[in-house]
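Here are a few exercises to work through with the model open beside you. Try each one before you read its solution.

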Amino acid sequence: MIRISVLKWVPPFARGSVKEFRVRWALTEAGLPYEERVLAPEDQDAARYRAVQPFGQVPVLEEDGFEMFESGAIVLHLAEKHEVLIPRDEQGRARTMQWVLAAQTSVQPAIDAVTALDFFYPDEEWAKMRRPGAEEFLMRRLGQLSGRLEGREWLEDRFTAGDLMMVTVLRDLRHRDFVSKFPPLEAYVKRAEARPAFKKALGDHMALYAEAAKAEAAA
């Protein structure tokens with residue numbers, strides 16, 4: 001049985017963006033059953049958990065005595081188990097890995113630079129000075145990615161783990177209208193979100209926070 005670590009609570013803005021969701025989606029696409037290991041803050045700091053995940057983050061994957069962390073690495077590990085996530089030919093596999101890494105290294109840093117300002121430093125003077133440049137660079141990155149998707153359904157000729165990673169990265173911008181300014185990009189995200197496995201995985205992810213959401217709404 002596969003088990004993944006998840007967080008017992010996160011603030012509302014992070015729900016739907018916690019990186020364990022990427023692994024849930026990959027598992028669901030591949031039809032692989034899994035269990036949750038729900039972590040409270042003290043569990044993240046426990047020596048046993050830090051021995052596996054030095055940074056105390058999620059997800060950690062546990063499978064038949066094997067443990068690993070880092071969502072991109074886990075998604076690629078799972079992709080090897082099911083062709084729905086990665087082609088079996090050598091070049092197709094290489095291109096899938098290319099896009100998984102591109103999502104994390106070429107696109108996500110530009111997004112993180114803006115979301116950090118939005119959620120953590122909205123009123124800081126230095127952040128107000130940094131924002132124009134961060135947003136300009138983000139728009140350039142999104143434009144480049146949108147150009148790749150012009151006339152395409154997916155990043156390559158079929159859905160792969162590369163699309164899964166790229167879409168989860170892009171969804172971190174759903175609190176703003178950046179993606180909607182690029183129709184090919186917006187349509188791409190909507191296609192991915194329409195996949196049954198995405199809907200199931202997101203529902204399972206959000207179920208963790210259902211009680212907290214009710215309490216917050218009533219407060």
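**Exercise 1.** Find where Thr 160 lies, and decide whether Thr 160 counts as buried or exposed.

*Solution.* Keep in mind that this is a predicted model. Start with the position: Thr 160 is in the loop between α6 (125-149) and α7. Next, take its relative accessibility, which is 4%. Buried means under 20%, so Thr 160 counts as buried. Finally, look at its neighbours: leaving out residues up to four places away in sequence, Thr 160 touches Val 84, Leu 85, Pro 87 and Thr 96.

**Exercise 2.** Work out how α4 and α7 are oriented where they pack.

*Solution.* First get the geometry: α4 (residues 71-79) and α7 (residues 161-170) pack at about 155 degrees, and their axes are 10 Å apart. Angles over 145 count as roughly antiparallel, so that's what α4 is to α7. As for handedness, the crossing is right-handed. Now the contact itself: Ser 71, Gly 72, Val 75 and Ala 79 from α4 meet Ala 161, Leu 164 and Met 165 from α7. Sort these residues by type and you get five nonpolar, two polar and no charged.

**Exercise 3.** Check the backbone at Pro 59, Asp 64 and Glu 70.

*Solution.* Here's the background: most residues other than glycine have a negative phi, and most peptide bonds are trans. Step one: the bond joining Val 58 and Pro 59 is cis, with omega about 5 degrees. Step two: Asp 64, in the loop between β3 and β4 (66-69), has a positive phi near 55 degrees. At 71% relative accessibility, Asp 64 counts as exposed. Step three: Glu 70, in the loop between β4 and α4, has a positive phi near 85 degrees. Glu 70 counts as partly exposed, at 37%.

How values were computed. Residues numbered from 1 in each chain as written. Predicted model: local features only at pLDDT ≥ 70, side-chain atom pairs only at ≥ 80, totals over all residues. Heavy atoms only, no water. Axes fitted to C-alpha atoms, helices over the stretch in contact; angles between N-to-C directions. Helix = DSSP H or I, 4+ residues; strand = E, 2+ residues; numbered from the N terminus. Parallel < 35°, antiparallel > 145°, perpendicular 65-115°, else oblique. Left-handed = near helix turned anticlockwise from the far one by under 90°. Contact = heavy atoms within 4.5 Å. Nonpolar A, V, L, I, M, F, W, Y, C, P; charged D, E, K, R; others polar. Buried < 20%, exposed > 50% of the residue type's maximum accessible area, 1.4 Å probe, protein only.
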